[in-house]
2 protein chains.
Amino acid sequence: MMHGLTGTLGNVGEFGLIEALTARFTQHSDVQVGPGDDAAVMSVPGGQVVTSIDLLVQNRHFRLDWSSALDVGHKAAAESMSDINAMGGRATGLVVGLGAPAELDAAWALDLAQGIAEEADLVGASVLGGDLSRADAITISVTALGVCEHGVVRRVGAQPGDVVALAGRQGWAEAGFAVLGRGFRSPRVVVDAHRRPAPPYDAGPQAAQLGATAMIDVSDGLLQDIGHVAKASGVAIDVQQAAFEVAEPLQAVGAALGQEPMRFILTGGDDYCLVATFPAGTGLPSEWTVIGSVLEAGDGEEGAVTVDGEAYESPGGHQHFV
Amino acid sequence: MMHGLTGTLGNVGEFGLIEALTARFTQHSDVQVGPGDDAAVMSVPGGQVVTSIDLLVQNRHFRLDWSSALDVGHKAAAESMSDINAMGGRATGLVVGLGAPAELDAAWALDLAQGIAEEADLVGASVLGGDLSRADAITISVTALGVCEHGVVRRVGAQPGDVVALAGRQGWAEAGFAVLGRGFRSPRVVVDAHRRPAPPYDAGPQAAQLGATAMIDVSDGLLQDIGHVAKASGVAIDVQQAAFEVAEPLQAVGAALGQEPMRFILTGGDDYCLVATFPAGTGLPSEWTVIGSVLEAGDGEEGAVTVDGEAYESPGGHQHFV
């Protein structure tokens, strides 16, 4: 790639690097002050801003031998923008913190910026600014800012009788992770799904418009994240396995690794699909597949998630510090 | 201190920790959705949001043997909120990323949150949310969001003939850093200034109201940061040493370490004072001290900063990756 910068971050220096990085970022018309000042200024229609932050740490969230800098940039931006999507909003701005060793090749940082820029461009978000610091491990912090033009959809709000629906692909990143963990690089489609999620960015605002009662993006694991909606809403949720079509690549990975492919779907995270609850009878466009139903929770059962009416026996999701 | 949580982050687990952390944060009336959902939602009067991010990395920006967790929390919040101050705005919300080893005492993380909360309370900002990750070194990312009720003041805009004025203390953190670097812990006032900056949060919006033509906060070094204003504005700036009253603690540190105390003032950063340019004749309140003047730049001299009309011979500021 043509970068115009060669050497390590230490050779290039902070100011040269910042200049080269910011050259990659498109500023859209809502940006009043972009990178290069003390802070950025952006207009937010409606006088309301939606915001979320995500951290990616080398060897925790990505590995340099599994993912390219371009991949990591896509993933870092996608994670934060998915949180805005999960509120029924659209990301309009990103601010990025990068901690990195001085020995890191400047080209890596520029490719990272390129990945962030490309992902931001998918929804028309501007990269507004950032901060650089030396650090022993590459650490990326992305804060997304956005707007909810069709109202805010929270985790709380699911009602007994609602349907539970999913938009986006689910289980692919987990299958890719399983493949990479065994030292393989194929099927390529699932490995790529691990490297670069493909959040359904249109589906979040669409769900808000359709009157979704609650919504979440799946980052930790499908059943675990559905549990957050159930708990916040004080309901129980049942998921029906028959609702899922198990895509061919997931079947192939399951067969190759001797694993039940439904496990990738039910417990996998990192695909950043959306799960939303809608009043029964809501006409759902083809992006959405009904996968379950919201139930009245018995005493002490708020937050319970069952699969086909029964507890699902599998390690679900992960807790970062456990 | 009373925390209600004991043990390491690894013992406590992510969800217990998040609950204990968020209990420390006040949510003000502009917060529509606070911590605990996919993203936070905050109203911003005027439909305009100002934002900036800062990273703090253990052993780069703070040392555990020099600063308490409470100190680091104050500093992390202050750095980001100072950027909003430097635009003439007021911080209204913070989002925080924390990377930390599983072995870290949970009490440290709670004290960090307490420090962030206390600093945010100084300006009435809400801590809207955050993200946690395991990391080998403690890494803190704070994104500040805010509003500019009296207009935006940028780095660009200084005009030949303007006066240059400073609000807040300057050189104290650098003196404290010099003291700590020699293994001393006194004078306590400068050591404390290094541990917890005291940005003049009222002076930023005040400068905007007074019609400041340009502004910056001093994080890297006074002359270096003034140089950013001069460069962005296409002017030269001269600083007059006689304008500064060298506070007694700086004199004491200078004498003890055999250093010229004016060096702390001219090259020190990390106090987060403000430097602004105002049209000559602007009536400046007592918060502001005139320290120099804006000059027409000769060819190729845009961005030049002189002291008493001459180049200042000292290493100025720092570049993180050099």
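## Thr277 in chain A

In this predicted model, Thr277(A) is found in strand E10 of chain A, which covers residues 274-278; helices (H or I, at least four residues) and strands (E, at least two) are DSSP runs, numbered from the N terminus. Thr277(A) is buried, with a relative accessible area of 2%, where buried means under 20% relative accessible area, exposed over 50%, and partly exposed in between (1.4 Å probe, protein chains only).

The side chain of Thr277(A) is joined to that of Thr213(A) by a polar contact of 2.6 Å. A polar contact is a pair of N or O atoms within 3.5 Å; within protein, one must be able to donate a hydrogen and the other to accept it, and residues adjacent in sequence count only if both atoms are side-chain atoms. Leaving aside residues up to four places away in sequence, the residues that Thr277(A) touches include Ala158(A), Asp162(A), Val164(A), Ala212(A) and Val294(A), with contact meaning heavy atoms within 4.5 Å.

## Basis and confidence of the model

Residues are numbered from 1 along each chain as its sequence is written, and chains are lettered from A and ligands numbered from 1 in the order in which they are written. Because this is a predicted model, local features need pLDDT of at least 70 and side-chain atom pairs count only at pLDDT 80 or more, whereas totals for chains, interfaces and linings use all residues; side-chain values use heavy atoms, with hydrogens and water left out.

The mean pLDDT of chain A (the predictor's confidence in each residue, from 0 to 100) is 94, and 96% of its residues reach 70 or more. Over residues 316-320 of chain A, however, the pLDDT is below 50, although this stretch has 17 contacts in the model beyond near neighbours in sequence. Where pLDDT is low, the predicted coordinates should not be read in detail. For the complex, the predictor gives an ipTM of 0.94 and a pTM of 0.95.

## How the two chains are arranged

## The interface

Arg154(A) and Asp37(B) meet through their side chains in a salt bridge of 3.1 Å, N to O.

## Salt bridges within the chains

Over all chains, the whole structure contains 16 salt bridges. One of 2.7 Å, N to O, pairs the side chains of Asp71(A) and Arg196(A). Asp71(A) lies in helix H3 (residues 69-85) of chain A and Arg196(A) in the loop between helix H6 (188-195) and helix H7 (203-210), so the pair ties together parts that are 125 residues apart in sequence. Asp71(A) is buried at 9% relative accessibility, whereas Arg196(A) is partly exposed, at 30%.

Arg188(A) and Asp192(A) form a salt bridge of 2.9 Å, N to O, and both lie in helix H6 of chain A, four residues apart, about one turn of the helix. Here Arg188(A) counts as exposed at 54% relative accessibility, and Asp192(A) as partly exposed at 29%.

## Tyr272 in chain B

Tyr272(B) is placed in the loop between helix H10 (261-267) and strand E10 (274-278) of chain B, and at 2% relative accessibility this residue counts as buried. Tyr272(B) and Pro199(B) are 73 residues apart in sequence, yet their C-alpha atoms are 5.1 Å apart in space. The side chains of Tyr272(B) and Asp270(B) are joined by a polar contact of 3.3 Å.

Methods. A salt bridge is a side-chain nitrogen of Lys or Arg within 4 Å of a carboxyl oxygen of Asp or Glu.
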